[in-house]
Amino acid sequence: MNQERIYKVLLGPHVSEKTSLVAEQDQVVFRVAPDATKPEVKKAVEQLFNVTVVGVQILNRKGKLKRTIHGYGKRDSMRKAYVRLAEGQEIDFMDVE
């Protein structure tokens, strides 16, 4: 996998209450591209952060339909990847350049 594809697959970390809870179980959550596959996400995380990935689960979240003053609007859909790291390994996002 070339360097350009790595940066197109991983869009950034996803931070929420749920992701802080799964971080205790050696998992990290990333926002990924709509066409990203599990093997691509695994290779991208391993090459970018120098960690060992045990498994990847991908989740598609549909955008909600919301009512506004001007009619109906739709929030963006999002694709997330739950990445399980090998035991004892972690990714510190504040330290990565």
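Predicted model: local features only at pLDDT ≥ 70, side-chain atom pairs only at ≥ 80, totals over all residues.
I started with β3 and β6: eight bridges join β3 to β6 (residues 78–85), and the two run antiparallel. Strands here are DSSP runs of E with at least two residues, helices are runs of H or I with at least four, and both are numbered from the N terminus.

Residues are numbered from 1 along each chain as its sequence is written, and side-chain values use heavy atoms, with hydrogens and water left out.

Next I traced the sheet. It is open, with four strands in the order β1-β2-β6-β3 and antiparallel pairing (two strands pair if DSSP finds at least two bridges between them). I found neighbouring strands turned by 30 degrees against each other on average, direction ignored.

Then I turned to α3 (residues 38–49). This helix lies across β1, β2 (27–32), β3 and β6, and runs at about 125 degrees to β3. Axes are lines fitted to C-alpha atoms, for helices over the stretch in contact, and angles run from 0 to 180 degrees between N-to-C directions.

Last, I looked up Ile 91. Leaving out residues up to four places away in sequence, Ile 91 touches Val 28, Phe 30, Val 45, Phe 49, Val 51 and Leu 85 (contact means heavy atoms within 4.5 Å).
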